[in-house]
Every structure is written in C-alpha cells, then in structure tokens.
Amino acid sequence: MLRIVDQAARTDTGRQRHANEDAYFARPPIFVVADGMGGAQAGEVASRIAANAFDEGFEGDDLERNLAERARLANREIFELSREDESRSGMGTTLTAAVFSGNEVGVVHVGDSRAYLFRDGELRQLTRDHSLVEELRRQGRLTTQEAEEHPQRSIITRALGPEPEIEPDVHTHQTRAGDVFLLCSDGLTSMLEPDAIKQILQDRSSLTDAARQMVSEANREGGRDNITVVCFEVGGELEGGDGGPAADETVVNLKAPVVEGPSTRPPRRAEPRPTALRRTPIVAGRKRTRWRRRVVVTGVAVALLAAAVIGASAGIRSVYFIGRDDHGLIALYRGLPYELPGDLRLYGEEYVSSVPAASLTPVERRRLLDHQLRSRGDAAGVIRTIERGERGR
Ligand code: MN
C-alpha cells in the first residue's frame, strides 16, 4: 500500500493584486486548488465554495463519479448564489482537485488551474486548460509559445458558476512511490516555465521548501496574479507499519472560510480597495489591465464577451480587423480573428469591399490582411483607401 509521505500548500496574493481570490484545501487524501473570479469578494466566495466542496469525508468506490459529483454540487451552489445576489452575479471559479486512493489518484478539473505529476525527474501536465488560447493551440492556430505569451491567455472557456450545469474533466492516474502531484493556479504557471517548476521539485529538501520557492520565484518574475501551490508526495509503506504523522497531518487553510451570510463573513480588509478591483461587468468596457480580470466565455456570448474584453483592455469599445471573405474579397470584420470548436466565430462580417485580395501585391496582402486589431475608423479608412486604389499606405 502506498501512502502520502509529504505535502505542502501555499497561497500568495502576488505583487500586483490587492486581494487573493484563490483558495485551496489540503487534507489527505484530498487536495484542491480553485481560482475565483468576479471582483469585489465574489471571486473569493466562489473559490472558497469550490474548495470546501471537498471538505467532508470522501467515501464511495467510484472515485471519478464522486469527484464529478462534488464539482457539480459546487457549481450549482455558486450558480444559485450568483443569481440570488446581484453583487455576485457572474462570479465563478476554476477547480482542480486530486484525491489519493490507495494506488491511484483521481483528478477533477474545470478551468485553467493545473495538475502536474512529477515522476522520475519529469514533469507531466495531467490537466488540459479550458482556455481560449489552449483551444486555439490545439487547432494549430497558435504555437505553444504564442499561446503562453498571448494577451488573452486568461480567458477561460469553462468554469464553475456561470452555467447551471457543468461538464468537468475527470481522470484517474496510477501512482507509485516517489510520485509528486502538484496542483496550482495560473498565477504560478503564467510566471514560471514548466522547466523551472521541475527544477524546484528536483532540488527540493521538502515539499514545504519547494512550495515556498515556487511562490517566491513567481513573485520574482512579476507576481502578476494570485499564486497557489498545493502538492503531495506518494511513498511506500514504512517497514514495521508505523504510518507516521505525515499522512494525517492537516495543512490548514490559510484563509478563513468564506460562506454566505454576514455572520460567517470574515471582517472586511482595512486597506482601501482601488476602484479597478470593484466588480463591474466586463461588457461595461471599463479599462483595466489585461490580466486583472478573467472571463468565462460560453456559448454565443463568446463573440461579444471576447470582443468586449479586448476592447476594454485596449480602451476602445469594439475591435475590428481586415481579412479576406469566402469569395476572396477584402472585408471588414468586427470582433476577434478566431474561431472556436463547433464553428463558433468570434467575429462577424461588417462590410465586404469590391476589391479581390488577389489584386494586392504580396507585401500589401501581408501588411493589410494581418488580422491586426484596429478601431472601426482606422479599418474602414484602410478599406476605403484600397477601394480607391491608393495603396500607398
Ligand atoms: Mn489566476
């Protein structure tokens, strides 16, 4: 029989945020990371609900079904709460949870927090991000490198909270002595390369040491987001049967539980919150830093939301780009030059010119059809210029 021989958990606000919307739960055999969104305290509430959904005993033989059920219950709870309370509307959270069970580890996952397995000196990502850039990367539209550096990389396509039903990813991994499982929020992985994480695990004196170092290195790289790291190591049974304290020791949540109802709410933080952190719907177009606010994009809302997010970050209401339509004509599009699986386009055609793209020189084509995001006026002006045959610009 295998058992958990070491574990650690750490969360940090990072260097640029004023609040920590991440939450975790770490009590063998259950480990959870959740990264909330929704502004004000709504993101904290959502992530705390998700983490606490795994608080109670975890029995039952169907590990995967059990995990999926917890995720669904948490989703439902967050969804209901966000509908009851307007200040919490739109709140949501990622969820990545792992449960150790004898010789396997079950994982349930929604969003872009991650689970990794460190084994034999190699770090393997066990979860697939539910994010816009990951979808585009899998379609071959972005390279891994481009995806990592993409300004819209924090747009997620699945989360707990925004919809009444959720389809979580669930999988089981066979484990063996020496395995280290790592759960983390994107505040770690957007700051540190997998190689850096691997190196820290490789060189660690303990998981506590490794977790501390991951957080401090992510902060050294800028700490642009909340950083949460939860990890545990699987080892063999000790000879003589002394289980030791490691397996039963609880790593306490650093944050007070945040539950609905004023009586159990933690006291408000004394520090003033800057207006930018207050919750406003993304569609309001308030200007903010790109990585500050994440968005869940589902269904048809995708086009409007994504366009609005970029519009918000660029300080303009709408974005346009110039492309080539199905008939080879130069056209003006509103939105983002992306398509999601299921033929879901993030753009719509606004205007089709009479000029075939083929009539442009290759240099002009490259310059004009580069899908660069433009304001409407700029894009329309470029198309007018092309139509007049003045292509000097
Ligand atoms: Mn995050």
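1. A donor, in the sense used for the metal site in this note, is an N, O or S atom within 2.8 Å of the metal (3.2 Å for Na, K and Ca), and since water is not among the atoms, sites may look incomplete. The structure is a predicted model, in which local features need pLDDT of at least 70 and side-chain atom pairs count only at pLDDT 80 or more, whereas totals for chains, interfaces and linings use all residues. Residues are numbered from 1 along each chain as its sequence is written, and side-chain values use heavy atoms, with hydrogens and water left out.

2. The manganese ion has as its protein donors Asp35 (OD), Asp186 (OD) and Asp225 (OD), which lie 2.1 to 2.2 Å from the ion. Along the sequence, these donor residues follow the spacing D-x150-D-x38-D. Asp35 belongs to strand 3 and Asp186 to helix 5, so this pair ties together parts that are 151 residues apart in sequence; helices (H or I, at least four residues) and strands (E, at least two) are DSSP runs, numbered from the N terminus.

3. Are Asp35 and Asp186 buried or exposed? Asp35 is buried, with a relative accessible area of 2%, and Asp186 is buried as well, with a value of 10%. Here buried means under 20% relative accessible area, exposed means over 50%, and partly exposed is in between (1.4 Å probe, protein chains only).

4. A search of the whole structure finds two aromatic pairs. Rings of Phe, Tyr and Trp (its six-membered ring) pair if their centres lie within 6.5 Å, and planes under 30 degrees apart count as stacked, over 60 as edge-to-face and the rest as tilted. Phe31 and Phe232 form a stacked pair, with 4.2 Å from centre to centre and 15° between the planes. This pair links distant parts of the chain, since Phe31 is in strand 3 (residues 30-37) and Phe232 in strand 11 (residues 227-236), 201 residues apart.

5. Phe31 is buried, with a relative accessible area of 0%, and Phe232 is buried, also with a value of 0%. The ring centres of Phe181 and Phe232 are 5.2 Å apart and their planes stand at 15°, so this pair is stacked too. Phe181 in strand 10 and Phe232 in strand 11 are 51 residues apart, and the pair links distant parts of the chain. Phe31, Phe181 and Phe232 form one aromatic cluster.

6. In helix 6 (residues 194-202), the residues Ile197, Ile200 and Leu201 are buried. Seen down the axis of helix 6, the buried residues fall within an arc of 100°, so they line one face of the helix; the arc is that of the directions from the helix axis to the C-beta atoms.
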